[in-house]
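The tour goes from one selection to the next.

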Amino acid sequence: MISTPTASGSPIVTLPAVAGVGLNPAHVAEILAGGTPVGFFEVLAENYMGAGGPPHRRLTAIRERFPLSVHGVGLSIGGAEPLDRDHLARLACLVARYQPAAVSEHLGWSSHDGRHLGEPLPLPYTEETLARVVERVDEVQTALGRPILLENPASYLRFAASTIPEVDFLAAVAERSGCGLLLDVANLDVSATNLGFDAAAAIDAFPMRHVGEIHLAGRFETVDEAGQPLFVAAHDGPVPESVWSLWERALARSGPIPTVIEWDAELPGWTIVAAEAARAERRLAALRRARGTADAAA
Amino acid sequence: MPPHEIQAAFAAALIDTERPPPEGLIGRDGGPVARRFAVHRAARLAGLIGALEVRHPVVARLVGDAFFTAMAQAFVAAHPPASPLLLAWGDDLPAFLGRFRPSARIPYLADVARLESAWARAHHAAEAVALTPAALDALAPPDRQAATIVAHPSVGLVASDHPVVSIWLAHRRDGDPQPPAAWVGEAALVVRPEAEVRVHRLTPGAHALAAALLAGASVAAATAAAKAADESCDADAALADLVQFGAVTGFTSADPADRRL
């Protein structure tokens, strides 16, 4: 294991500022058998909400060896309806059981009228939705007894009703609720392409002081019916160079931040995913050393 | 439009693929949104169909990718999940398949789905310590006859007019499945006493015994049920097997005083 400097960004995660990987069950046997290690693992919360069985045995074994980040996808924090109390209780139970170093959820909604709609969906950014999201984040943090990180979504379209830029919306949620942010650089690059804004400028404007974790991932590139580029956050391949350079740009502002490689579809062997994490770790290690030198000089 | 109405319109168009995208959405540079909205529809379906495939890999292998996708889409429309706990979603699939006309030519498909649902429930069931055979041996015959069982939380029973266990076993892995040796009905006990889910074939008598015990009958009553199903059934041996499989975590008395044995 790597020695574990604490994160430099948000004080509300205890993850080390190293590279981690989104855990896929297909890789667990190889990881536990001593295959190329990484700094930590992130798991999808909903995959570990059964009462018992092999998933929990796997997660327990991973948790004994690595720091853990729990990433929820189903709370529907941006939804118009009240939070699903049963689901929140399940998340609280998982967090209490595994005591992860970070807990995160999405800025989006996934439940409506008693139905679960799958992947988190976009919401318009207005004063009304901002107040609602702040209230929900507060409710989640109260139930968990700890702050969470909220992730920026991948956008494919925008709402005419929106009155607040996404980056301002996220900063306001963090400031009002006390939550941290999970900067998904891959989502930000996808959104910039899909909505036609400048990704570098968005990184420069992102409230890095609230960022406790970063996501990097691959994407599927296509075009819409007008021939305009349409990128899909498919997590189905290596991290594109444009995402790596935006990540560098973000870290230049913040210093090293725990960074997760997400690879969920078209899944390759563990060594390929671990190599992506190793690339991130080399850069983070250099930044940690530089910071250590600066700290020593100060 | 207030946010809850925007969300309601978004959800309605997400679910009903015949509808155009809702009003109030804008593409890049004010451009069209249909393909962009379709990304959300596709992500929803891919996520839900993927969850069903994780739960029902043998059904997927039996019908092939294209059929499974179309069938799963119809199931999603008929039985959309209410909860984000997708690992527990899909118990309605066997009954759905029993009514699904396009798969009527595969009459055993619903029972294979039933076995896979039981497998998934066992996989995620709570941990519990199963009794050892010694605990059964320690019961004096009169106590044993009056006893009812406490089943392991992972236990499930599936009975079929088709050789459902043989079909499931033959298609668990990719490869060239061999047809069942004999086309006779099979029953299965599904249980996860330790780390891994186990599937045991039960004789008709053993199945009747297990079904009666799981429904709360005493060993004496369950033995009668086993004999009624199959006169030659050795009910004592069938009970010993259930304990051996790890399906029993305790015995209680059927006596109204309900004393723990």
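Start with A:Glu64 and A:Arg65. Their side chains form a salt bridge, 3.9 Å from N to O. Keep in mind that this is a predicted model. A:Glu64 is exposed, at 62% relative accessible area. A:Arg65 is partly exposed, at 42%.

Next, select A:Arg219 and A:Glu221. Here the salt bridge has an N to O distance of 3.0 Å. A:Arg219 is buried, with 16% relative accessibility, because buried means under 20%. A:Glu221 is partly exposed at 47%.

Move on to A:Arg279 and A:Glu241. Their closest N and O atoms are 2.9 Å apart, in a salt bridge. Colour the helices now. A:Arg279 sits in helix H9 of chain A, residues 270-297. A:Glu241 belongs to helix H8 of chain A, residues 241-254. The pair therefore ties together parts that lie 38 residues apart in sequence. A:Arg279 is partly exposed, with a relative accessible area of 31%.

Now show both chains and select A:Arg57, B:Glu127 and B:Arg192. Salt bridges with shared partners join these residues into one network. How many salt bridges does the structure hold over all chains? The count is 19.

Finish with the cysteines. Select A:Cys93, which is exposed at 51% relative accessible area. Then go to B:Cys233. Is B:Cys233 buried or exposed? B:Cys233 counts as buried, at 6% relative accessibility. What is the disulfide count over all chains? It comes to 0 disulfides, where a disulfide would need a pair of cysteine sulfur atoms within 2.5 Å.

Note on methods. Residues numbered from 1 in each chain as written. Chains lettered and ligands numbered in written order. Predicted model: local features only at pLDDT ≥ 70, side-chain atom pairs only at ≥ 80, totals over all residues. Heavy atoms only, no water. Buried < 20%, exposed > 50% of the residue type's maximum accessible area, 1.4 Å probe, protein only. Salt bridge = Lys/Arg side-chain N within 4 Å of Asp/Glu carboxyl O. Helix = DSSP H or I, 4+ residues; strand = E, 2+ residues; numbered from the N terminus.
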